[in-house]
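Thanks for passing this one along.

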Amino acid sequence: MQHNNNNGILAVPFRKGTQLSLSSAIKQYISTKYDQHPDMFRQDLDVIDALRRDAVHAREPHPSGVQKLQAYAAQLVWISGKFPIDIGADFTWYPSLGYNTERPIVHNNLQFERANIVYNLAALYSQLAVGSNRSDTDGLKTAASYFNQAAGVLTYLKNEVIPELRITPPDDMDEHSLESLIQLQLAQSQECFWQKAAMDHYKDASIAKLAAKVSDLYNLAGEAGMRSEAISSSWIHHMSAKHHHFAAAAQYRAACDCLEKRKYGEEVARLRDAVACVGEGLKESRGGYLSKIVVEDLSSLKRRVEDHLKRAERDNDVIYLNPVTPKSELKILDRATMAMARIPPQVAKPLEYVGDKGEFGPALFTKLVPYSVHLAVSIYEERRDRMVNQNIITELETLNERVHEILSSLNLPGSIQAFEKPLGLPGTLVQHAEEIRQADARNRLQRSFADIDKLRAADVAVFEEGSELLQAEEEEDNRLRMKFGTDRWTRPESRNEPSQGAKLWTQVAEAEGWFANSASSDGVVREKFQNVESTLAILGGPDREILDFVPSSRRTEIPETLKPAIGRLRSVCNDVTRLETRRSRKAEALREKARGDDIRSDILAEAARLERNQVVATAIVPAHFEDFFEKRLDSLYEPDLEMVQKEGAEQERLLSDLIRVNREFESQKKMAGDKGNRERERALQELENAYYKYKELTSNVEVGRKFYNDLSRIVGNFRDSARTFATERRREARMLEDELSMPPLSGLSLSQRDHAQQSAPSASWTGASNYQQHPAQPPQVQAEHSYSRQQVHSPAEAHIQSWAPAGETVAPQPQQPRANPVQHIWNQEMPLKFASPSGSSVPSPAPPHAGGSNNSNQPSGTWDPNSGIRFG
């Protein structure tokens, strides 16, 4: 903890960072993830290292450090649009507050680095305020301005930076710690305005309003500090004492105003309340945790208030005879708020100060394709492929499948082939058989199934590895939660961890669904293959086997009555075949068009336009390219989407003609008699159906292979994220377990001390204290919250609240020592005293108000086991 050497105020200490070559991590990342060579950015790499070195070393209260910290923070915001948050650099920082300031915190997280820099900027403003000359009004205005900026930067850190951290913030950066520090800076800023008003001899009523607001802000700081794990008890005592001190100061000034307005009864009431308040403030000095100057300020204020109270009571009793206003009827004092959190524009809008003519110099890595652009390219390619494959090619394949279903239901083309080619094999069937043989169709499909099985097994293994990591981490967390209890083991469960845990467990459920659905789809495809496997084996065999499978027709000539119907039916079938062939060419051309759709150059130009025109006030993210994506996809693929609609309409017309012509053919065939062609027609149709099923299965296995390849990337990222998450959680668990395993301090009581310790309350401030003597200033006070942090209600506290707004709380007060000395907490400096036999009493260091002991009897010197042991 860091105190000021001037007027007993508190300065936020710096967080200490270690040296790190950020350029090495950036260089490595560029080498592995980008198409550009790191040597292109040699100058930028040197600059980022220099900026970090200057910022990390800016740990002295000098104004030159402000720009160093602001410039590095601004460049971190800029490069976060070009690199991921986990760039590969382990940033190491030591906490500035709490009980583990010597234990480093390490995160591979650019936002964690930025949070530390912003925190140190707030600490610098705070220490610049502390170092200002507060003995004159100009120095007080400067100090107040610095305190306001410190509060503003801390507010920015709390609201803008910490939510982007994606990890649990350190104790001294959690919500309660930052809120306490913000209110503390505002309280000290308001205190500067109060001190300036006193120096400039403002009216007592105005000074009272300023002091009342100072007291409120210190109270808010103390309340937030009690909920923090990093704000020490000594700081909370300081805030509590300041709260009481300025409550007393406000009532004192209000009493002076009453004297001027001849409200003598109210003057006495407010002076009595001021005495009660300053008395509560002095109670915070027990244990020697307040600086000497703070205690002196409290004592000085107490003497002044008591002197005024004696004079006021004497004058009122002798001269004015005004009734003293009851405390419940005292008007609550108004507040005058002067302190206000002010975020410097260089912090609130850092990118406006980065550029060739900017205050922080040119933006770094401008020629590097931003990481967000890489993500945007991936998003566009995924969206394009989905549009091409699902909205166009899949629709065309669905249309083809409908054609095959209609043909198969009509027994085409087998029915006309049986008449056209009564002996031997039809030409189209010979072509299909040759295609099947050339492709080794049956073995090809079996190999594809084996490949899909391997891909699926690999994906399942990677997924199970990641899910087992999560389960192991969850089991360990549950074990430690059971060991320490939910009251002490307060970190969220893995499944509810907001930054990564909940997302990863959601991915587990999604992936399990994907695997279940894919297994079902694989089963359907394999069943389809099993139904046609034997027919494919015949079709892929020699022509002799096919001839043996297809019986010859007993009728060798086509009846004259059937020839016109067969001609019309053949013509429509040829139209359908040409339609299908044309679609295949269109689908292949569309695939080639999609493969050649390289968006990189165009998206780089769009990114440059966004940066140049400052269309966006923050780092570029993929969402900024949405309009660009929509326009490009519409211009390139809208005609193809319209083509699908036209193809569907044309197909319906052809199928209607096909059904009508086939009906005429079937009618003519019945009239001519077709008993000799039935078996041949059935065999030919079965072979044709097997061929089309093979084409369909080929498409199915390609879809399956692509699915498992894409899934491999997804589950790989999931496993890596799970490994990182589990490692980070285990590290946090070890740190928390170490803290909880430390010897318990609950048996200590700072408010109850042995008389020997109370004899030198200020001894702990000689030598080790950061407080120093200073010229006399207006009365001020510093306080610490009692170690037990337990709310205690006492009659004195009721007096303090007479001026405060309804519902406002005051920092809890230390418990009064009990009369029974056995209740004291023993420490190693207290002697053991044996109780005297029943009926006697021994002298004990009980408080003065503890009665009931007969000190005339002396112990016999012999210990009675029945009387027990008393400490103190």
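How far is the sulfur of C258 from the closest cysteine sulfur, and in which residue is that sulfur?

1. Please keep in mind that this is a predicted model. To answer the opening question, the closest cysteine sulfur to that of C258 belongs to C256, at 9.1 Å. That is too far for a bond, since a disulfide requires the two sulfur atoms to be within 2.5 Å.

2. The structure as a whole holds 0 disulfides.

3. Are these two cysteines buried or exposed? C256 has a relative accessibility of 16%, so it counts as buried. C258 has a relative accessibility of 3%, so it counts as buried too. The cut-off behind both calls is under 20%.

4. Now to the sheet, which is open and has 3 strands in the order β1-β2-β3, paired antiparallel. Its edges are β1, at residues 16-17, and β3, at residues 105-107, each of which pairs on one side only.

5. How many bridges join β2 to β3? There are 3, with β2 covering residues 91-94 and the two strands running antiparallel.

6. Finally, have a look at helix α4, residues 110-131, which lies across β2 and β3. The angle between α4 and β2 is about 35 degrees.

Terms used: Residues numbered from 1 in each chain as written. Predicted model: local features only at pLDDT ≥ 70, side-chain atom pairs only at ≥ 80, totals over all residues. Heavy atoms only, no water. Pairing = 2+ DSSP bridges. Helix = DSSP H or I, 4+ residues; strand = E, 2+ residues; numbered from the N terminus. Contact = heavy atoms within 4.5 Å. Axes fitted to C-alpha atoms, helices over the stretch in contact; angles between N-to-C directions. Buried < 20%, exposed > 50% of the residue type's maximum accessible area, 1.4 Å probe, protein only.
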